[in-house]
Amino acid sequence: MIDIKDFRDVTLKDKAFFKDFFSKYPSEHSDNTFPTMVCWSEYAHYRFVNVGGAVIISSEIDGDYSFMGPFGEYDNSLLIDTLKLAKEYGTDHAYEIFDKNTFLRVLKYIPKDVIVPERDFFDYVYDTELLADLPGKDFFNIRKQINKFKNKCSYKIEDISEESLESIHKFLIKWCEWKHCEENSVLNYEMSALQYAVDHYKELGLSGIIIKNEEDIIALSIYEELNSANIVVHFEKGLPKCSGSYKIINNETAKKLKGKYKFINRESDLGLPGLREAKMRYHPDHFSKVYVVKAENIPDF
């Protein structure tokens, strides 16, 4: 039987382990990536346990635990142990499911009607070519705004490099001042996660681009490979200096990745109405879904 004490924090020192693990068992959702777990550790306190080559992950937000997995090769006794932990320590998001295989295995123990889709945490997955080309009437308004941006603002695109990291930190300070991060706890945590990603950019194996107007950074995109067909954009930020900076960074990121990855995962909307509307405007190809089970709906084993 696994104990909660068997779990330990996910830290930067675990990079080699997770790089090897995810190469064998590619993730389907942005939550199950090493950069997410490390960068957001201050907020979600990600922990894991390795049992015979299979991995179980937990997160804790304000004392509320969620359990994910097992991932990898495992027998049903390990799944039952995970569900027991979820029932003991979790509440509304006690157990989370991110892939079809786990969903089907869980159905042996939990009724389908209590396995609930968590729409707020569905990752939006887009066709890369579509985001790069923005064809047809569905993208008319977006093309119009991008053209307006190009007519009003001169800009250049650069890959993120060691030399640009200091300028990126200054850009993030400006972005946070504009968004009043100090008044919003979620934005504060996001900024901490982003600052960590920039501080450990090379160690985390991240890639990205920045857009400059003159010498000022006005937008950035930071991403990594999720699996052979998917790239995941972990962070995307833009300043209002040139109206339309978010649309241009979105488009230029897709152009950069076109021909290399079939899909771009742009993470979830967190249930924010404005963000959901913006993400739907780009016509996702599909969603990487999340399902949750409340602790009260997990049986006693």
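**Strands, helices and salt bridges in a predicted model**

Visitor: Starting in strand 12, which residue does N230 stand opposite?

Guide: N230 stands opposite F263 in strand 12. Strands here are DSSP runs of E with at least two residues, helices are runs of H or I with at least four, and both are numbered from the N terminus.

Visitor: Before we go on, what kind of model is this?

Guide: It is a predicted model, where local features need pLDDT of at least 70 and side-chain atom pairs count only at pLDDT 80 or more, while totals for chains, interfaces and linings use all residues. Residues are numbered from 1 along each chain as its sequence is written, and side-chain values use heavy atoms, with hydrogens and water left out.

Visitor: OK. How many bridges join strand 11 to strand 12?

Guide: Three, and the two strands run parallel. Two strands count as paired if DSSP finds at least two bridges between them. In general, the strands of a sheet pair through backbone hydrogen bonds, either parallel or antiparallel.

Visitor: What sits between those two strands in the β-α-β unit?

Guide: Helix 10 does; together with strand 11 and strand 12 it makes a right-handed β-α-β unit. Right-handed means that, with the strands pointing away from the viewer, the path from the first strand over the helix to the second runs clockwise.

Visitor: And strand 10, how does it pair with strand 11, parallel or antiparallel?

Guide: Antiparallel, over eight bridges. The two strands form a hairpin with two residues between them. E225 stands opposite I231 of strand 11.

Visitor: Is strand 11 enclosed or open to solvent, and how many of its residues are buried?

Guide: Nine of its nine residues are buried, so strand 11 is largely enclosed by the rest of the structure. Buried means under 20% relative accessible area, exposed means over 50%, and partly exposed is in between (1.4 Å probe, protein chains only).

Visitor: Back to helix 10. What does T253 touch?

Guide: T253 is in helix 10 and touches I209, S221, Y223 and V233, leaving aside residues up to four places away in sequence. A contact means heavy atoms within 4.5 Å. T253 counts as buried because its relative accessibility is 1%.

Visitor: Which angle does helix 10 make with helix 7?

Guide: About 100°, with the axes 9 Å apart; helix 7 covers residues 140-152. Axes are lines fitted to C-alpha atoms, for helices over the stretch in contact, and angles run from 0 to 180 degrees between N-to-C directions. The two helices are therefore roughly perpendicular. I142, Q145, I146, F149 and K150 of helix 7 make the contact with S245, K247, I248, N251 and K255 of helix 10.

Visitor: How do the axes of helix 8 and helix 9 cross?

Guide: At roughly 175°, and they come within 10 Å. That makes helix 8 roughly antiparallel to helix 9. By the convention used, angles under 35 degrees are roughly parallel, over 145 roughly antiparallel, 65 to 115 roughly perpendicular, and the rest oblique. Among the residues of helix 8 in this contact are L165, I168 and W175, and helix 9 contributes residues including L187, M191 and V198.

Visitor: Switching to charges: how many salt bridges?

Guide: The count is 20. A salt bridge is a side-chain nitrogen of Lys or Arg within 4 Å of a carboxyl oxygen of Asp or Glu. In one of them, D127 and K262 meet at 3.0 Å, N to O. D127 lies in strand 7 and K262 in the loop between helix 10 and strand 12, 135 residues apart. D127 is buried at 16% relative accessibility, whereas K262 is partly exposed at 48%.

Visitor: What does K241 bridge to?

Guide: K241 bridges to D216, with the closest N and O atoms 2.9 Å apart. K241 is in the loop between strand 11 and helix 10 and D216 is in strand 10, so the pair ties together parts 25 residues apart in sequence. K241 is partly exposed at 44%, and D216 is partly exposed at 31%.

Visitor: And K170, which residue is its partner?

Guide: E166, at 4.0 Å between the closest N and O atoms. Both lie in helix 8, four residues apart, about one turn of the helix. K170 and E166 are exposed.

Visitor: Which residues are linked in a network of salt bridges?

Guide: R119, D120, D269 and R276.

Visitor: Last topic: in what order do the seven strands of the open sheet run?

Guide: The order is 1-2-3-4-5-14-6, with mixed pairing. Strand 1 and strand 6 are the edge strands, each pairing on one side only. Helix 4 packs on the sheet, touching strand 2, strand 3, strand 4 and strand 5, and its direction makes about 155° with that of strand 5.
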